[in-house]
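My entries follow in the order I made them.

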Amino acid sequence: MAFYLPLLQSRFKHIEVGDTLTSLWSGCGSIVECMLDDESCVVKAIKIPRYIHHPKIKQSEFALKRKQYSYSVEYNFYKRYSPFLPSTAKSIECINAINNVDEYALVFKNFTQHGFAQAGSQHVQAILKWLANFHAFNLNKPANGLWQQGNYWHLSTRPDEFNKLNEHDDKKSDIKSAAHKIDKILQTSHYKTLIHGDAKLANFAANEQSEILGYDFQYVGAGAGIIDVMYFMTSCFNDEQLHVSADEYLAYYFTHLKSALTIYQPAINADDITAQWQKLWPLAWADFYRFLAGWSPEHLKINSYMLKQVNTSLAGNI
């Protein structure tokens with residue numbers, strides 16, 4: 001019997017298990033279609049194995065605990081935060097979030113039955129608008145039960161990758177020396193919000209009206225909104241596109257951030273937030289470069305646009 005069936009049986013009377021849509025990262029469970037009390041649902045069934053099988057991650061107790069905590073964070077987000085999100089920054093609808101020790105069953109309405117599908121490149125602006133509204137709505141919200149520093153690559157969670165940085169390579173040596181200062185500046189931003197933390201194109205759904213739903217909130221937590229924008233752009237654009245269009249899309253995000261702040265945070269100086277987060281743009285790239293350079297130094301996301309931002313950060317006497 002599948003481990004998640006007892007979890008579902010505690011909340012639903014009639015359960016029909018359908019197709020397995022995909023397996024979760026490195027054997028941590030699966031995503032399964034189900035009919036639950038005659039409603040079409042998708043269940044994210046989570047059980048952390050004792051050993052993580054991943055080509056780029058060495059098994060360690062530290063890495064295992066990081067992954068375990070990420071699912072606890074996701075569970076807390078859907079229980080405590082997602083029901084209150086505004087219509088302009090909604091997540092997929094979680095019908096039930098069930099937990100028993102190290103096992104989880106997150107039960108979602110099947111968004112494909114409600115006119116939504118995986119978002120694509122035509123939805124870039126709509127997702128940037130979603131991010132602007134998510135960040136404005138959650139500005140200064142406490143990250144209770146979430147990551148106190150959102151995203152999966154921040155320095156304190158990645159000591160193994162940091163130690164792998166090659167000090168015989170000038171660029172990697174420089175970023176290694178600057179890493180703690182960059183991290184501190186990002187952490188101590190005067191304006192912090194809740195960031196998605198894994199805001200790649202693949203973690204959003206859209207309908208024909210370009211309404212957006214976010215999902216996969218394992219790394220949601222406190223941070224400067226610009227970090228999500230940087231990471232989102234790495235998932236959408238190649239090197240040439242970043243050089244040509246990044247500034248335009250960044251301006252688009254800030255336009256909608258200011259607009260959303262007038263609705264959700266009218267007492268806050270929107271121009272000041274924009275100015276402060278704009279200054280963090282190259283640092284967010286440099287911080288992500290630090291992770292990639294230690295984790296997968298040949299990664300395609302390490303391109304000339306990213307390195308330009310790294311150079312800007314280092315030239316600022318970080």
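**Strand 1 and its partner.** I started with strand 1 and strand 2 (residues 29–36), which run antiparallel and are joined by six bridges. Helices (H or I, at least four residues) and strands (E, at least two) are DSSP runs, numbered from the N terminus. I count two strands as paired if DSSP finds at least two bridges between them. Thr20 sits opposite Val32 of strand 2.

**Ground rules.** The model is predicted: local features need pLDDT of at least 70, side-chain atom pairs count only at pLDDT 80 or more, and totals for chains, interfaces and linings use all residues. Numbering runs from 1 along each chain as its sequence is written, and side-chain values use heavy atoms, with hydrogens and water left out.

I read the order as 1-2-3-6-5, an open sheet with antiparallel pairing. Strand 1 (15–23) and strand 5 (94–100) have a single partner strand each, so one side of each lacks a neighbour in the sheet. From one strand to the next the twist averages 20°. Helix 2 (residues 61–80) packs on this sheet and touches strand 3 (39–47), strand 5 and strand 6 (103–109). Its direction makes about 40° with that of strand 6. Contact means heavy atoms within 4.5 Å. Axes are lines fitted to C-alpha atoms, for helices over the stretch in contact, and angles run from 0 to 180 degrees between N-to-C directions.

I found a second open sheet, order 4-10-9-7, with mixed pairing. Strand 4 (90–91) and strand 7 (117–118) are its edge strands. Strand 4 runs parallel to strand 10 (residues 212–214), with two bridges. Ser91 has Gly214 as its bridge partner. Helix 3 (residues 124–137) lies across strand 4, strand 9 (204–206) and strand 10, at about 60° to strand 10.

**Cysteines.** I searched the whole structure for disulfides (cysteine sulfur atoms within 2.5 Å) and got zero. Cys34 is buried (under 20% relative accessible area; exposed is over 50%, partly exposed in between; 1.4 Å probe, protein chains only) at 3%. Cys41 is buried too, at 1%.

**Asp228.** I placed Asp228 in helix 6 (residues 226–236). Asp228 is buried but has no salt bridge. That term needs a side-chain nitrogen of Lys or Arg within 4 Å of a carboxyl oxygen of Asp or Glu. The nearest side chain of opposite charge is Lys301, 12 Å away. Lys and Arg count as positive, Asp and Glu as negative; His and the chain ends are not counted. Beyond four places in sequence, the contacts of Asp228 include Leu131, His135 and His196.
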